[in-house]
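Dear colleague,

My notes on it come after the sequence and the coordinates.

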Amino acid sequence: MKSYALKTFGCQMNKDDSERIAGLLAADGYLEVPELADADVIIFNTCCVRQTADDRAYGQLSALKQLKADRPELLIAIGGCLAQKDGEAILKTHPHVDVIFGTHNVAHLPALLAKAALSGAPACEVLEGTTEFAGDLPAERRHDWHAWLPITVGCDNFCSYCIVPQVRGREKSRTIDDLENAARALAAEGVEEITLLGQNVNSYGRDLFGKPAFTELLARISNVAGLKRIRFTTSHPKDLMAETIDLMAARDNLCPHIHLPLQAGSDRVLAMMRRRYTAAHYLGLARMIRERLPDVAITTDIMVGFPGETAEDFEQTLSVVEEVRFDLAYTFIYSPRPGTAAADYDDPVPKEEKSRWFSRLTEVQNQASLERHQELIGERFDVFVEGHSKKERNRLVGRTASNRLVHLDGPDEQIGRTVPVVFTEAFSWFLIGKGQQ
Ligand code: SAH
Ligand code: SF4
Ligand code: F3S
């Protein structure tokens, strides 16, 4: 039996694609092994959203050179967004690569591997667009109880800094019937939690119906018997609708968590980013969400150091952060991506200034998350236990419906179950809780 090891970089979309890759390879008779060094085939599913993502993937790819020299029959495949972006050029700098596949042709990976093995020459296939949904492929899921369900692929927003529309193509929605059937089939297999995926879930259906139909889709999925927790990501502030929030308030299995990237708090910077909303609009949304969904968590992505951003713009971002008090925020320093509009903008802000802004933002946000978590100490929440902590193997980790990360002590039998927990300690990125009888 042939073996493979798969390494996934980047966002949930890539995690889903990796489960499809695993499903395809399992169907082709491959066995998955955890260690790269033990595998007949090594696959990297890559990201290129920032320069650091490129560097990480290429760094780890370079580190495979020795393995390939020792075992020439080893096959190394690189797929995902970085492969879509750089294509065959990867062979110039990394000639030990055997297969390059893009984001639109995950299904062809087994054939490309077979071709490379047979010919002894690299096989490269990077397509311009999608003909089939990776979501239709069989998946080898990481957890029995959880499934990703991509509702759209691609993105039409072209935020000026973002490479995703180039490497994932135009936005394309699967039909509501297809998605409902997929959800039903997953529930029949015992899946309790489903995460609907799209770069901008709120615009779901625009290509099919001429107007977004996300709320309708969510209502249909929420009616599927057996689905206990339905999550979705990512929401876009320009498209998120009040009716979606109202539906979430009305349905128990729609989890009270909204990931709503702010990016910046200055209207000038938001306009340059082509985000098509204002800080005031964002604040209005956050207020509405907190009013209508009592235990909701609002999380976000924020960037500092956009070309032309000034100290005053940055202060406006801080002020939105202080006002919203996000439950959690992923913060980034702007990274120019060749081929995007912003890559050509003048960028006079010195690196050191950007680093200072980044540290300050992180500090303010960590304090806000900590305070929000501290307010929960003594409260009782249901926690779905997902597994062991990576750092402390005898500690369990789980999540609340609002997606808050919780550490707790308890027997392994609790994995895969919902446990009532009282919070005892708070940190910026997680809470510690005590399981109740
Ligand atoms: N579709 C989602 C996620 C896009 S990528 C959305 O619309 O938000 C995830 C995050 O990476 C973005 O929210 C943004 O904060 C960050 N990001 C994207 N491009 C970037 C760039 N060029 N430099 C730094 N951060 C970037
Ligand atoms: Fe990128 Fe903007 Fe699309 Fe998100 S909405 S993937 S940030 S272009
Ligand atoms: Fe995701 Fe990175 Fe691609 S964020 S869509 S894996 S560029």
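The notes below treat the ligands, then the strands, then the cavities.

This is a predicted model, in which local features need pLDDT of at least 70 and side-chain atom pairs count only at pLDDT 80 or more, while totals for chains, interfaces and linings use all residues. Residues are numbered from 1 along each chain as its sequence is written, chains are lettered from A and ligands numbered from 1 in the order in which they are written, and side-chain values use heavy atoms, with hydrogens and water left out.

Ligands

Around ligand 1 there are 15 residues, the closest being Arg-50, Gln-199, Gln-263, Asp-301 and Ser-335; a residue is counted here if one of its heavy atoms lies within 4 Å of the molecule.

- The side chain of Gln-263 places an N or O atom 2.7 Å from an oxygen atom of ligand 1.
- The side chain of Arg-50 has an N or O atom 2.9 Å from an oxygen atom of ligand 1.
- Tyr-161 contributes a backbone N or O atom, 3.1 Å from a nitrogen atom of ligand 1.

On its own, ligand 1 has 530 Å² of accessible area, of which the protein covers 90% (Shrake-Rupley method, 1.4 Å probe; for residues, only the protein chains shown count as cover). Strands β13 (297–304) and β14 (328–333) are the elements that give two or more residues to this shell; helices (H or I, at least four residues) and strands (E, at least two) are DSSP runs, numbered from the N terminus. The shell comprises 7 nonpolar, 4 polar and 4 charged residues, where Ala, Val, Leu, Ile, Met, Phe, Trp, Tyr, Cys and Pro count as nonpolar, Asp, Glu, Lys and Arg as charged, and the others, Gly among them, as polar.

The residues surrounding ligand 2 include Cys-155, Cys-159, Cys-162, Tyr-161, Gln-199 and His-236. Its shell divides into 7 nonpolar, 3 polar and 1 charged residues. Ligand 3 is surrounded by residues including Cys-11, Cys-47, Cys-48, Cys-81 and Gln-199, and its shell has 5 nonpolar, 2 polar and 1 charged residues.

Strands

Strands pair if DSSP finds at least two bridges between them. β15 (residues 380–388) and β18 (residues 418–426) run antiparallel and are joined by 5 bridges, with Arg-380 opposite Val-422. β18 also pairs with β19 in the antiparallel sense, over 5 bridges; there Glu-425 faces Ile-432, and a hairpin of 4 residues connects the two strands. β19 (residues 431–435) in turn pairs with β17 in the parallel sense over 4 bridges, Val-406 having Leu-431 as its bridge partner. Finally, β16 (residues 396–399) and β17 (residues 405–409) are antiparallel, with 4 bridges. Their hairpin has 5 residues between the strands, and in it Asn-403 takes a positive phi near 75°.

Cavities

The structure holds 2 cavities of 30 Å³ or more. A cavity is a set of points, on a 1 Å grid over the protein atoms alone, where a 1.4 Å probe fits but cannot get out, and lining residues have an atom within 4 Å of a point.

With kind regards

Note on methods:
A polar contact is a pair of N or O atoms within 3.5 Å; within protein, one must be able to donate a hydrogen and the other to accept it, and residues adjacent in sequence count only if both atoms are side-chain atoms. On a 1 Å grid over the protein atoms alone, a cavity is a set of points where a 1.4 Å probe fits but cannot get out, and a pocket is an open set with protein on both sides within 12 Å along at least five of seven lines; lining residues have an atom within 4 Å of a point. Grid points are joined across faces, edges and corners, and a volume is the space filled by probe spheres set on the points.
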